[in-house]
Amino acid sequence: MSDKQQHATAYWKENLKYLIVLLSVWFTVSYGCGILFKDALNEIRLGGFKLGFWFAQQGSIYVFVILIFVYVRLMNKLDKKYGFDE
């Protein structure tokens, strides 16, 4: 395997690691907080609304947007690390 190919393989392995972590957060927030842990979260109120309801309706959207920015930042750092930045 050439040095360039090993470089690219390491880049994609790290990229996949980031994707797995961020998708796990996404799944936990959307499915876990919105569905599985809804009853436990509903014991807490946020702005007059039950927290489980808030996560299902609003909170998960905020987390998704934050995850997009986190992914962009991580990928910019990764691109610089492996020399793929513009």
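The structure is a predicted model, in which local features need pLDDT of at least 70 and side-chain atom pairs count only at pLDDT 80 or more, while totals for chains, interfaces and linings use all residues. Residues are numbered from 1 along each chain as its sequence is written, and side-chain values use heavy atoms, with hydrogens and water left out. The chain holds three helices and two strands, where helices (H or I, at least four residues) and strands (E, at least two) are DSSP runs numbered from the N terminus.

**Overall fold**

- Read along the sequence, the elements follow the pattern α-α-β-β-α.
- The chain has a radius of gyration of 18 Å, well over the 12 Å that the globule rule gives for 86 residues, so it is more spread out than a compact globule. The radius is taken over C-alpha atoms, and the globule rule is 2.2 Å times the number of residues to the power 0.38.
- The C-alpha trace spans about 60 × 25 × 15 Å along its principal axes.
- Of the 86 residues, 26% count as buried; buried means under 20% relative accessible area, exposed over 50%, and partly exposed in between (1.4 Å probe, protein chains only).
- Among contacts with a separation of 6 or more, 60% come from residues 24 or more positions apart, a contact being heavy atoms within 4.5 Å.

**Packing of H1 and H3**

- The axes of helix H1 (residues 3–36) and H3 come within 9 Å and cross at roughly 170°. These axes are lines fitted to C-alpha atoms, for helices over the stretch in contact, with angles running from 0 to 180 degrees between N-to-C directions.
- H1 is therefore roughly antiparallel to H3; angles under 35 degrees count as roughly parallel, over 145 as roughly antiparallel, 65 to 115 as roughly perpendicular and the rest as oblique.
- By class, the contact of H1 with H3 has 20 nonpolar, six polar and three charged residues. Ala, Val, Leu, Ile, Met, Phe, Trp, Tyr, Cys and Pro count as nonpolar, Asp, Glu, Lys and Arg as charged, and the others, Gly among them, as polar.

**Helix H3**

- Buried residues of H3 include Leu51, Phe55, Val63, Met75 and Tyr82.
- The cover over the buried residues of H3 includes H1, helix H2 (38–41), strand E1 (45–46) and strand E2 (49–50).
- H3 bends by about 50° at glutamine 58, the bend being the angle between axes fitted to the seven residues ending there and the seven starting there.
- Just after H3, glycine 83 takes a positive phi of about 75°.

**Selected residues**

- Glycine 52 lies in helix H3 (residues 51–82) and is buried, with a relative accessible area of 1%. Leaving aside neighbours within four places in sequence, glycine 52 is in contact with Cys33, Lys38, Leu41 and Asn42.
- Asparagine 15 belongs to helix H1 and is buried at a relative accessible area of 3%. Beyond its neighbours within four places in sequence, asparagine 15 is in contact with Tyr71, Met75 and Leu78.
- Glycine 34 is also placed in helix H1 and is buried, with a relative accessible area of 11%. With neighbours within four places in sequence set aside, its contacts are Val29 and Ala56.
- Glycine 34 and tryptophan 12 are 22 residues apart along the chain, and their C-alpha atoms are separated by 31 Å.
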